[in-house]
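Here is a friendly briefing to read alongside the model. Please keep the viewer open as you go.

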Amino acid sequence: MDVGQYIEIFINETKEHLQSLNTQILELEQDPENMDTINEIFRAAHTLKGMAGTMGYKKMQTLTHDTENVFSEVRNGHIKVTASMIDVLFQCLDALEEYLANIQNSGDEGENDNEHLIRALNDILENKSEDAGEASQTPADAAGEEASVGEKKWGEIPLAESELHVMREAVKQGKNLVGITVHVQESCILKAARAFLVFKSLEELGEIIVSNPPVQDIEDEKFEFDFSLILVTEAEAEEAVKAAAGVSEIESVQGEIISLPEAGDRTEEATEDLAEGCGEEQKQAEEEPAVQEVRTEKEAAPAMPAAPAAPAAKENKPAETKKGKPVVNRTVRVDIEKLDVLMNLVSELIIAKNSLVSATNAEEASITAVNEQIEYLESVTTNLHESVMKVRMVPIESVVNKFPRMIRDLQKQLGKKMELYMSGEETELDRTVVDEIGDPLMHLLRNSADHGLESAEVRRERGKSEVGSIFLNAFQEGNNVVIEVSDDGNGIDVDAVRAKAIDRGTITEEQASMMSEKEIIDLLFLPSFSTAKVVSDVSGRGVGLDVVRSKIQSLSGEVEVKSRLGEGSTWTIRLPLTLAIIQALMVEVGGEKYAISLGAIQTIEDISPDDIKLVESKEVIHLRGSVIPLVRLNEVLDIASTRAPEDNLVAVIVKKGDKLAGLIIDNLMGQQEIVIKSLGKYVNKNKEISGATILGDGEVALILDTNALL
Amino acid sequence: MDGLKVYADSTQFIVIAMGDEYFGIDINLIDNIVKMQHITRVPNVAPYIKGVINLRGEVLPVMSLRLKMGLEEDVFSKSTRIIIIRLEHQGMVGFIVDEVKEVLTLENAAIEKVGYDSKEVREGFVYAVGNYGESLVSLLDMNTVALEKE
């Protein structure tokens, strides 16, 4: 069976689990005693292990297995969560992410065994057994070392001294030792998965001390059709048998309480017999207490409806078929409700089309009837567009969720105290934008952490709280999504930037004296400009901010910074909600049609030529108390205006951040939904044109980039 | 069915007329030939870029082959066509030509490579010459023609 078709699901789900582990472990660090968190982590690790095992990723499975063991101990209260342990766990998550990245890129988990991590995890476990003498169990994999192959019954499970010790302890505490042998149906395709489920249901009752074959082999499906194990539980044998038999495709389960074997004696003796009232299987077990030769019992017993074979099997490593190729397409997970809405709209679209056809075919095609249908069609397509857009939208949560962890790491790296406050994680953006926005945000956060925040001593001197704050806020504003990254640190030292710019020859001293603070700060976005005196690992190489800006511009967004020396700075990223389709105002300039994105437009004003004033030989108007520079589009676009100079002018007031400008056009044509097309090579160097669109009559109209015009 | 036979030792060209000269374009590069249509002007670009057109829902740039080769400005007539060329790196681009004549099959042996006069504007545009009836046809290297020069 090929697992290729499940690899996407595997990758998506693994990502989710890793993210949840990251979040939970961070929480655990704050609140090491929180049982809910610990349980949550344990569950996530357990699921991860199962998934990796099913998909045949052994190294990943081993690592998660050991991680899970640690949590199992934590959950049982045998070890305490320590800072060093958290560090190791985070490293494990990183390693798992690396495996995942490898799988995503090549279909193979890679060669890295991460032995040091496994050792570190085992160290944590061993320390526990020294610290807590009365620990009642040992990690299940310890049994693996001792196990021999070929035995069929729980009586044949080879027991190591450590396990015997655990069993003795358990009996002392009044717990039952239950030996269980499980037979899997021969038709079962996913033996390992079934075994896994049996283990899972049994672990709800108690601890599995040892199994034969060892857990690792069972997970690798290295067993025939049965396996045996010993469970330490407070429950009765029948309860355990029932739990195990509850799994699909299990032929039969035998189990009973066993007595403690003599130390060194590797054979089992069934002493206590609590079989009364047990199921059919139980009796079966009684009849052949410790007979080694008897192989599998084919009982008709608890006929569990055989579930259809679970999708994922593990015979084939996906690596063998897909090596070297990226195996995953970019996907969006869509809420089924959104799809229903889409489906309905498409049905409506078909109805509209049919009505339109019949309206035009009618004997006397009346123009009103056709118009009516066209209006209907229009409303349907608008709704359809909106819904499709919504389908493409995903919350930015998936990106920002990794930041708390990053800040935690930075805290250690930089030796500063800081706290990240996030809000608006649920804000939705187009999938393509969300995919791209992670890096720029990371840059800005690192920038804030490294350059922005002062060291604890400086902060104390300045009367600030020792712990620096970094804020990440996201919200929707009109057609845009705004993401702000701010800090309460030092802010940008404009003088230092100016000095640096002059020093580097970016600007002359003369220019510098003419420039406003804002313009100086904008210099930071130039390539290879860094004011950090020391290049650190975190930032200061001067590759950051210009990359941030170009990335955001490529997403048709913009980035701004406001700063107050000593109080902190705020970086504002503004992004369009979606890239493909926009609402636009169509205008005419010199007989040519242009589109202006509605999102950028503030108002449309009718102005008389007399209202135009000259400031520094540039045309401006006064509008409701503010002075707005005018841009004559016909000049920018190099074409003659069709308006007589004495006529009133139409100005489209557009804004970019805080800046406003009035674009003088010849005629307004109206609002329209337009599909953005790229201009392709040759013409894309044009700053003032951001793209093109195809109008209803097939003609091409250019889209003005108002940001470039300001 | 001789006409459909593929001769590995010959190449097919579309012959175009520009003024009284003939040029050949390798047929494999040609995506489409469309009639002259409305071209949307793009401001502030090189003069030989006439603008953009809508070809089956895609927007693509159109160049004047005349201006590119240093000839005088196009005069659009009934026979003016836009030849859509698919280039390896630049994607699709249209060239305005005076007239499209026919498809010409040239034996590779009959194609004569030429060295070019470096003084010419059309430096490197013509890579070879072939016979076309009574006259000659200059074979264009479209990748070089489409190259943007500063």
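The buried residues of helix H14 (367-392) of chain A pack against helix H13 (336-361), strand E5 (393-395), strand E7 (428-430) and helix H17 (431-452) of that chain. This is a predicted model, in which local features need pLDDT of at least 70 and side-chain atom pairs count only at pLDDT 80 or more, while totals for chains, interfaces and linings use all residues. Residues are numbered from 1 along each chain as its sequence is written, and chains are lettered from A and ligands numbered from 1 in the order in which they are written.

**Helix H14 of chain A**
- The buried residues here are A:Gln373, A:Val380 and A:Arg392; buried means 20 or more other C-beta atoms within 10 Å of a residue's own, exposed means 12 or fewer, and partly exposed lies in between, with C-beta atoms placed from the backbone.
- With 26 residues at 1.5 Å each, H14(A) should span 38 Å, and its end C-alpha atoms are 37 Å apart, which agrees. The expected span is 1.5 Å times one less than the number of residues.

**Chain A overall**
- Chain A has 24 helices and 22 strands, taken as DSSP runs numbered from the N terminus (helices H or I, at least four residues; strands E, at least two).
- Of its 710 residues, 37% count as buried.
- Among contacts in chain A with a separation of 6 or more, 70% come from residues 24 or more positions apart; a contact means C-beta atoms, placed from the backbone, within 7 Å.

**Helices H3 and H4 of chain A**
- H3 (58-75) and H4 (83-106) of chain A pack at an angle of about 160°, with axes 10 Å apart. Axes are lines fitted to C-alpha atoms over the stretch in contact, and angles run from 0 to 180 degrees between N-to-C directions.
- H3(A) and H4(A) are therefore roughly antiparallel, a label for angles over 145 degrees.
- On H3(A), the contact involves A:Lys59, A:Met60, A:Leu63, A:Thr64 and A:Thr67; on H4(A), A:Leu89, A:Cys92, A:Ala95, A:Leu96 and A:Tyr99.

**A:Val650**
- A:Val650 lies in strand E18 (649-656) of chain A and is partly exposed, with 19 other C-beta atoms within 10 Å.
- Not counting residues up to four places away in sequence, A:Val650 touches A:Ile604, A:Asp606, A:Ile665 and A:Leu668.
- The C-alpha atoms of A:Val650 and A:Ile664, 14 residues apart along the chain, are separated by 5.7 Å.

**Where the chains meet**
- Chain B puts 20 residues in contact with 19 residues of chain A.
- Strands E4 (49-55), E5 (58-64) and E7 (91-97) of chain B each supply at least two residues of the side that touches chain A.

Conventions
Two residues are in contact if their C-beta atoms, placed from the backbone, lie within 7 Å. Angles under 35 degrees count as roughly parallel, over 145 as roughly antiparallel, 65 to 115 as roughly perpendicular and the rest as oblique.
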